[in-house]
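Work through the exercises below with the sequence and the model open. Try each task before you read its solution.

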Amino acid sequence: MGVASAFAIVSLPAAYATPSATAVISEVYGGGGNSGATLTRDFVELGNAGSAAYDLAGFSVQYLPGSPSSSSAWQVTALSGSLAPGGRFLVAEAAGSGGTTALPTPDATGSIAMSGTSGTVALVSGTAALTCKTAADCASDSRIVDLVGYGSAVVREGSGPVTGASNTASVARGALLADTDDNAADLASGTPSPVNSAGQTPGSGDGGGDGGGDDPTLPGTVRVHDLQGTTRLSPLAGQTVTRVPGVVTGVRTSGSKGYWIQDPAADSDPRTSEGVFVYTGSAAPTVAVGDSVLVSGKVSEYHPSSTSQSVTEITGPTTTVLSSGNALPSAVTLDAASVPSAYIPTAGGGSIESLPLEPTMYAQDFYEATEGMRVSFSDARVVGASDAYGELWVTVKPDENATVRGGALYSSYDRPNTGRLEVMSLDTTASFPAANVGDELSGTTTGPLDYSAYGGYNVQATRLGALAGHGLEQEVTRRQRGDELAVATYNVENLDALDGQEKFDRLAQGVAVNLNSPDVVALEEIQDDNGATNDGTVTSEATLTRFTDAIRAAGGPRYQWRYIAPADGQDGGEPGGNIRQVFLFNPKRVSFTDRAGGDAGTATSVVKTRKGVRLTYSPGRIDPADDAWDSSRKPLVGEFVFHGETVFVIANHFNSKGGDQPLHGRYQPPARSSETQRQTQAAEVNTFVKSLLAADRNAKAVVLGDLNDYEFSRTVTTLTDGGVLTPLITTLPAAERYTYVYDGNSQTLDHILTSPAVTRFDYDVVHLNAEFADQASDHDPQIVRIDVSRCRR
């Protein structure tokens with residue numbers, strides 16, 4: 001709002017328990033649009049009795065029924081702008097079919113249908129819904145700035161609620177906005193008198209610039225392409241628009257409810273989208289595909305997350321249906337010819353939102369310039385399997401970085417695969433297909449183009465192509481020969497003793513059958529014996545007993561195990577889970593050299609003796625007190641003997657990618673803040689391997705696990721510094737270098753690396769999870785078979 005720059009901005013009071021001499025709820029009216037009402041909408045008016053403006057960004061107005069039940073929830077309308085000293089701020093809420101007079105142009109718009117006779121309204125510092133349902137509980141919630149209970153409201157301030165609210169009466173404070181924290185004393189009923197921040201009252205301004213006079217069937221002057229504009233942000237953001245015309249192209253009745261409209265009369269500018277999402281809040285849309293409508297409401301830019309791009313929306317809508325069954329605008333074709341090969345512009349790490357769109361240059365600009373419009377693609381290959389949320393990924397560019405099994409390879413930071421698109425379905429009558437990588441959505445898929453924090457641009461399919469399965473099968477690696485030591489790594493995704501037997505059985509099948517019973521298996525994400533229960537438990541004996549029993553039942557050997565239990569709550573992962581790395585080994589094929597003394601806080605080291613190099617503690621940890629391992633898993637080191645040869649195995653689970661900015665986000669290039677800790681972790685492991693090779697340059701070492709980073713990353717470069725390790729993923733053909741699929745990108749997060757003395761090996765990534773809709777883990781395991789007798793000595 002323009003007034004914000006003219007006054008100092010200060011903080012709102014912390015809680016309504018202290019009477020406010022500044023920002024208050026000045027008037028509440030829930031009878032709008034009801035029978036006998038004059039005004040067509042409910043409203044909440046805020047007032048400022050102070051001498052300075054108040055910034056309302058991040059605040060909300062919330063409503064609770066007067067007599068809340070156990071299932072009642074506070075409804076939320078987010079605010080922006082500021083509240084001028086001595087001024088008013090008008091929040092429009094739900095409209096009804098009654099009434100004849102519109103509110104003046106609101107400063108904020110929501111869709112809450114408030115009761116005309118009884119309810120509670122709160123001004124809240126924050127947009128998360130309140131949870132209190134009694135006056136005492138709400139009094140102790142420091143987020144509540146002011147609160148008004150009217151009618152017979154249970155939640156109110158002071159001796160009782162203010163009475164007298166009806167379809168023809170609001171409850172309001174006096175002109176001085178006095179607040180003694182007693183609703184009955186501070187407010188009184190009377191004729192509704194809403195005032196907005198411009199001082200307008202009903203009839204003093206329609207706020208729409210509608211160009212259609214008072215005829216509700218004529219479009220206003222604003223078209224969809226006007227509010228979408230030529231950048232990622234609407235030039236009309238924060239403004240109320242009136243009677244924007246369009247045809248409904250899709251309706252979403254769950255999650256973020258609303259519908260898409262598209263203007264068939266497109267302009268000539270390829271940067272301006274002709275489609276927009278109309279957000280209806282908690283109310284299910286009442287329109288249908290093919291309806292010709294006029295939409296009035298507030299233009300907003302919704303950021304699904306703090307680092308994502310935004311979605312241009314019309315919020316708090318009032319919709320007039322002019323006709324039904326209209327032809328839909330033609331869909332924009334998505335294919336290799338229409339989608340550019342460059343991914344996204346950069347801004348030196350800053351926001352790209354204000355940059356002019358270049359839809360012929362960048363794929364993400366092309367999608368942004370098409371946001372909300374009908375799009376279509378044909379015969380698209382699935383590159384990300386269906387998930388539990390009813391989503392899958394396709395590529396509209398069949399020749400872009402294809403893997404050998406039908407995925408899309410992510411091989412460098414500058415090749416993020418521009419043809420990838422997430423697909424969801426708006427058809428609630430049909431089940432979502434269970435698609436694997438390499439399958440095909442045959443025929444044509446059509447629907448509005450949307451954007452979300454998880455995955456970026458996506459097609460909300462009103463017509464979903466038919467699934468054509470291509471028979472992707474789980475891989476089974478060969479059995480190791482008698483003179484080969486087989487060492488594998490497998491992230492088993494938070495396995496704990498409370499998991500169902502099916503999960504144990506499927507993971508066990510992967511070890512016993514798909515990996516063909518390796519001699520050593522390094523496991524990541526083994527949790528303590530009661531999983532996420534946070535009670536101090538750190539042992540994993542019950543978890544490992546169930547797992548090794550399941551492996552035996554699946555035809556595998558009777559594995560033994562070794563691990564170091566973490567200190568409670570110190571290794572990151574799911575709270576209470578205490579995940580750790582574990583060695584399983586087949587004692588009939590390989591022996592483990594136990595050297596007592598290793599624990600969660602004690603570092604193992606390398607000792608050179610006349611009989612060769614050894615560890616001080618086995619199993620042991622690499623420098624667990626170093627800052628590199630703060631709130632993260634510590635590497636587990638073990639000393640094994642196979643056919644008389646000592647092999648050192650280092651199992652890792654580096655810091656996760658949590659907190660990194662997304663590939664598709666508004667900050668470009670995206671910051672990968674999590675890399676910093678992984679690089680220090682890689683340096684720690686590299687230093688340890690160097691100490692091992694300094695004591696014996698022919699030491700045989702296998703470094704493996706979930707490194708949470710790519711083969712082309714600085715993490716791997718740091719880990720291999722000095723040529724002390726070879727990343728085996730790079731020995732495979734390029735189209736086979738992946739262990740994980742994320743957002744339709746087949747990528748490498750899990751690794752096996754070996755020291756220079758390991759010269760004779762056979763390496764394999766065993767694809768049995770990441771590409772499948774039905775998976776036991778989200779990671780694929782991998783294995784190396786080492787001919788120890790023929791390695792360098």
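**Exercise 1: Aromatic pairs**

The structure holds 17 aromatic pairs. Rings of Phe, Tyr and Trp (its six-membered ring) pair if their centres lie within 6.5 Å; planes under 30 degrees apart count as stacked, over 60 as edge-to-face and the rest as tilted. This is a predicted model: local features need pLDDT of at least 70, side-chain atom pairs count only at pLDDT 80 or more, and totals for chains, interfaces and linings use all residues. Residues are numbered from 1 along each chain as its sequence is written, and side-chain values use heavy atoms, with hydrogens and water left out.

Task: Describe the geometry of the pair formed by tyrosine 410 and phenylalanine 712.

Solution: 
1. Take the centres: they lie 5.7 Å apart.
2. Take the planes: the angle is 85 degrees, and the pair is edge-to-face.
3. Place the residues. Tyrosine 410 sits in the loop between β21 (392-395) and β22 (420-425), and phenylalanine 712 in the loop between β36 (700-706) and α8 (714-719), so the pair ties together parts 302 residues apart in sequence. Helices (H or I, at least four residues) and strands (E, at least two) are DSSP runs, numbered from the N terminus.
4. Check accessibility. Buried means under 20% relative accessible area, exposed over 50%, partly exposed in between (1.4 Å probe, protein chains only). Tyrosine 410 is buried at 3%. Phenylalanine 712 is partly exposed at 23%.

Task: Which residues form one aromatic cluster?

Solution: The cluster consists of Phe366, Tyr367, Tyr451 and Tyr457.

**Exercise 2: Salt bridges**

Task: How many salt bridges does the structure hold?

Solution: There are 30 salt bridges. The test is a side-chain nitrogen of Lys or Arg within 4 Å of a carboxyl oxygen of Asp or Glu.

Task: Which parts of the chain does the salt bridge of arginine 223 and aspartate 263 tie together?

Solution: 
1. Check the distance: N to O is 4.0 Å.
2. Arginine 223 is in the loop between β13 (187-190) and α3 (224-228), aspartate 263 in the loop between β15 (257-262) and β16 (275-281), so parts 40 residues apart in sequence are tied together.
3. Arginine 223 is partly exposed at 26%. Aspartate 263 is buried at 7%.

Solution: 
1. Aspartate 762 lies in strand β41 (residues 761-765) and arginine 478 in the loop between β25 (466-468) and β26 (484-495), so the pair ties together parts 284 residues apart in sequence.
2. Aspartate 762 is partly exposed at 27%. Arginine 478 is partly exposed at 31%.
3. Look for a network. Salt bridges link Arg478, Arg481, Asp483, Glu484, Asp762 and Arg785.

**Exercise 3: An open sheet**

Task: What is the strand order in the open sheet of 6 strands?

Solution: 
1. The order is β9-β8-β3-β2-β12-β13, with mixed pairing. Two strands pair if DSSP finds at least two bridges between them.
2. Find the edges. β9 (108-109) and β13 each have a single partner strand, so one side of each lacks a neighbour in the sheet.
3. Strands β8 (residues 88-95) and β9 run parallel, joined by 2 bridges. Alanine 92 stands opposite threonine 109 in β9.
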